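Here's a quick briefing for anyone meeting this structure for the first time. Have a look at the sequence and the model, then read on.

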Amino acid sequence: VQLQASGGGLVQAGGSLRLSCAASGSIFVINAMAWYRQAPGKERELVVTITSGGRTNYADSVKGRFTISRDNAKNTVHLQMNCLKFEDTAVYYCYTDVKSYVGSIYRPYWGQGTLVTVSS
């Protein structure tokens with residue numbers, strides 16, 4: 001299973017970016033999907049999760065500014081980031097749990113990361 005993330009870049013504070021992540025490979029069913037981020041010198045932190053049923057859980061720091069969505073038919077997850085702040089600067093990673101075939105267990109997979117830089 002591979003996760004391909006895209007959409008990062010440089011944006012001014014107050015601007016917007018949309019990240020996307022597509023899962024491909026041996027996929028029977030995808031469980032939760034999520035975005036994490038890691039800022040320079042800091043540990044990786046959870047940004048938001050979304051269940052297969054669409055239930056979401058946001059970090060307090062991004063509530064009201066970021067919106068996660070997923071397309072189960074296309075095995076993709078998106079992160080719309082609005083009102084970006086300097087402190088949102090980080091490498092953003094998509095994450096998912098995948099069951100590759102009937103009877104298998106869910107296994108975790110990470111995307112390669114996409115850099116978001118917010119200039120103040």
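Arg44 lies over the face of Trp110, with 4.6 Å to the ring centre. The charged end of Arg44 also sits over the ring of Tyr93, 3.7 Å from its centre. Keep in mind that this is a predicted model.

**Rings that meet**

- Tyr93 and Trp110, together with Tyr36 and Tyr95, make up one aromatic cluster.
- How many aromatic pairs are there? The count comes to 4.
- Take Tyr36 and Tyr95: their ring centres are 5.9 Å apart and their planes are at 70°, so this pair is edge-to-face. The angle settles it, because planes over 60 degrees apart count as edge-to-face.
- Tyr36 belongs to strand β4 and Tyr95 to strand β9, so this pair ties together parts that are 59 residues apart in sequence.
- Tyr36 and Trp110 form another edge-to-face pair, at 4.9 Å centre to centre and 65° between the planes.
- Trp110 lies in strand β10 (residues 107-110) and Tyr36 in strand β4, so here the parts tied together are 74 residues apart in sequence.
- Trp110 comes out as partly exposed, with a relative accessible area of 38%.

**The disulfide**

- The count here is 1 disulfide, and it joins Cys21 to Cys94, with 2.0 Å from S to S.
- What ties does this link make? Cys21 is in strand β3 (residues 17-24) and Cys94 is in strand β9 (residues 90-99), so the pair ties together parts that are 73 residues apart in sequence.
- The link of Cys21 and Cys94 is right-handed, with 50° about the S-S bond.
- Cys21 is buried, with a relative accessible area of 2%, and Cys94 counts as buried too, at 1%.

**The nonpolar core**

- Nonpolar side chains tend to be buried together in soluble globular proteins.
- In this model the largest nonpolar core has 29 residues, and the ones that touch the most other members are Trp35, Val47, Phe66, Ile68, Leu79, Met81 and Tyr92.
- Which strands each supply at least two residues of this core? They are β1 (2-6), β3, β4 (29-38), β5 (45-50), β7, β8, β9 and β11 (114-119).

**A look at strand β1**

- In a regular strand, side chains alternate between the two faces of the sheet.
- Strand β1 has a covered face made of Leu3 and Ala5, while Gln2, Gln4 and Ser6 make up the uncovered one.
- β1 pairs with β3 in the antiparallel sense, over 5 bridges.
- Within that pairing, Gln4 stands opposite Ala22 in β3.

**Two loop residues with positive phi**

- Most residues other than glycine have a negative phi.
- Asn75 has a positive phi, near 55°, and is found in the loop between β7 (66-71) and β8 (76-81).
- Asn75 is partly exposed, with a relative accessible area of 22%.
- Cys83 is partly exposed, with a relative accessible area of 45%.

Notes. Residues numbered from 1 in each chain as written. Predicted model: local features only at pLDDT ≥ 70, side-chain atom pairs only at ≥ 80, totals over all residues. Heavy atoms only, no water. Disulfide = S-S within 2.5 Å. Helix = DSSP H or I, 4+ residues; strand = E, 2+ residues; numbered from the N terminus. Buried < 20%, exposed > 50% of the residue type's maximum accessible area, 1.4 Å probe, protein only. Core = buried A, V, L, I, M, F, W, Y, C linked by side-chain atoms within 4.5 Å. Pairing = 2+ DSSP bridges. Phe/Tyr/Trp six-rings, centres within 6.5 Å; stacked < 30°, edge-to-face > 60°. Lys NZ or Arg CZ within 6 Å of the ring centre and 35° of its normal.
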